[in-house]
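Student: Could we go through this structure together, with questions about its charges, its surface and its buried residues?

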Amino acid sequence: MKLLIAYASKSGTAKKAAEELAAALPNHAVTLADLAVQQPDPAAFDYAVVGGSIRMGKAYKPLRRYLAAHGKALADVPHALFLCCAFSDQLEHYQAITFPTALRESAEHLVYFGGELDVAKQKGIDRLLTRMMRSAIQNDEDGELALPGYLPEHVRLLADVLRKK
Ligand SMILES: Cc1cc2nc3c(=O)[nH]c(=O)nc-3n(C[C@H](O)[C@H](O)[C@H](O)COP(=O)(O)O)c2cc1C
């Protein structure tokens, strides 16, 4: 089938997830789209996987732009949605503010691909903010927070389901 995998990624985590998903689906005609570069019409595909990262409490801008322009068309195509973020306890909130209700409710899969707080991958102010987020987690007095990581096994689980379509 014609499969769209579209991502918005500032420092590479969502891009890595999208690329690994695409590589795991050789039986489909996959279009891998960086939403910062191109915003494909979902109506041209049999299935769409769309997502990206959370930055400063909201979805990275190219994903927000895409959902504003194509969210309704996306809801009419079988689809899966994903997010990458550092604070997984906030995941449901991020899903709710990123994806319109109709899109979430019609999604076959709503997936979390993890998140990275890698200082070396950031530039400028993002580097400083990453350091601050890391130390907030490490110094959390309740000990409830843990440094996040990328979750390739979640990518593989989605790939296993999509490969059979
Ligand atoms: C400047 C900055 C702001 C971030 N803000 C949030 C946030 O508000 N909530 C969260 O859970 N994660 C936040 N993160 C963590 C990112 O979601 C995480 O680094 C993710 O792996 C980024 O994916 P990307 O490289 O595809 O953009 C932030 C990271 C950076 C660098």
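This is a predicted model: local features need pLDDT of at least 70, side-chain atom pairs count only at pLDDT 80 or more; totals for chains, interfaces and linings use all residues.

Tutor: Residues are numbered from 1 along each chain as its sequence is written, and side-chain values use heavy atoms, with hydrogens and water left out.

Student: How many salt bridges does the structure hold?

Tutor: Side chains of opposite charge can pair when their charged atoms come close. The term salt bridge is used here for a side-chain nitrogen of Lys or Arg within 4 Å of a carboxyl oxygen of Asp or Glu. Counted in this way, the salt bridges in the structure number seven.

Student: Which residue forms a salt bridge with Lys-10?

Tutor: The closest N and O atoms of this pair are 3.0 Å apart. The pair links distant parts of the chain, 116 residues apart, with Lys-10 in the loop between β1 (2-8) and α1 (13-23) and its partner in helix α5; helices (H or I, at least four residues) and strands (E, at least two) are DSSP runs, numbered from the N terminus. The partner of Lys-10 is Asp-126.

Student: Is Asp-126 buried or exposed?

Tutor: Buried means under 20% relative accessible area, exposed means over 50%, and partly exposed lies in between, with a 1.4 Å probe and protein chains only. Lys-10, at 46% relative accessibility, therefore counts as partly exposed. Asp-126 has a relative accessibility of 15%, so Asp-126 counts as buried.

Student: Which residues are linked with Asp-126 in a network of salt bridges?

Tutor: Asp-126 also forms a salt bridge with Arg-55, where the closest N and O atoms are 2.9 Å apart. This pair, too, links distant parts of the chain, since Asp-126 is in helix α5 and Arg-55 in strand β3 (residues 47-55), 71 residues apart. The residues linked with Asp-126 in the network are Lys-10 and Arg-55.

Student: Which helix gives the most to the positive patch?

Tutor: A patch is made of residues with over 30% relative accessible area and no salt bridge, where like charges are joined within 9 Å and nonpolar side chains (Val, Leu, Ile, Met, Phe, Trp, Tyr) within 5 Å. Lys and Arg count as positive and Asp and Glu as negative, while His and the chain ends are not counted. The patch of positive charge on the surface gathers Lys-58, Lys-61, Arg-64 and Arg-65. With three residues, the helix that gives the most is α2 (residues 61-75).

Student: Why does Lys-61 count as exposed?

Tutor: Lys-61 lies in helix α2, and Lys-61 belongs to the positive patch. Lys-61 counts as exposed because its relative accessible area is 53%.

Student: Where is Asp-89 found?

Tutor: Asp-89 forms a negative surface patch together with Glu-141, Asp-142 and Glu-144. Asp-89 is exposed, because its relative accessible area is 57%. Its place is the loop between β5 (79-84) and α3 (91-98).

Student: Which residues is Thr-130 in contact with, leaving aside its neighbours within four places in sequence?

Tutor: Thr-130 lies in helix α5 (residues 124-138), and Thr-130 is buried because its relative accessible area is 3%. Contact means heavy atoms within 4.5 Å. Apart from the neighbours within four places in sequence, the contacts of Thr-130 are Leu-117, Asp-118, Val-119 and Gln-122.

Student: How far apart in space are Ala-120 and Thr-130, C-alpha to C-alpha?

Tutor: Ala-120 is found in the loop between β6 (109-112) and α5, and at 63% relative accessibility Ala-120 counts as exposed. Ala-120 and Thr-130 are 10 residues apart in sequence, and their C-alpha to C-alpha distance is 9.5 Å.

Student: What do the buried residues of α1 pack against?

Tutor: The buried residues of α1 are Thr-13, Ala-14, Ala-17, Ala-18, Leu-21 and Ala-22. The elements they pack against are β1, β2 (29-34), β3, β5 and α6 (152-163).

Notes:
Accessible areas come from the Shrake-Rupley method with a 1.4 Å probe; for residues, only the protein chains shown count as cover. The place of a charge is taken as NZ of Lys, CZ of Arg, CG of Asp or CD of Glu.
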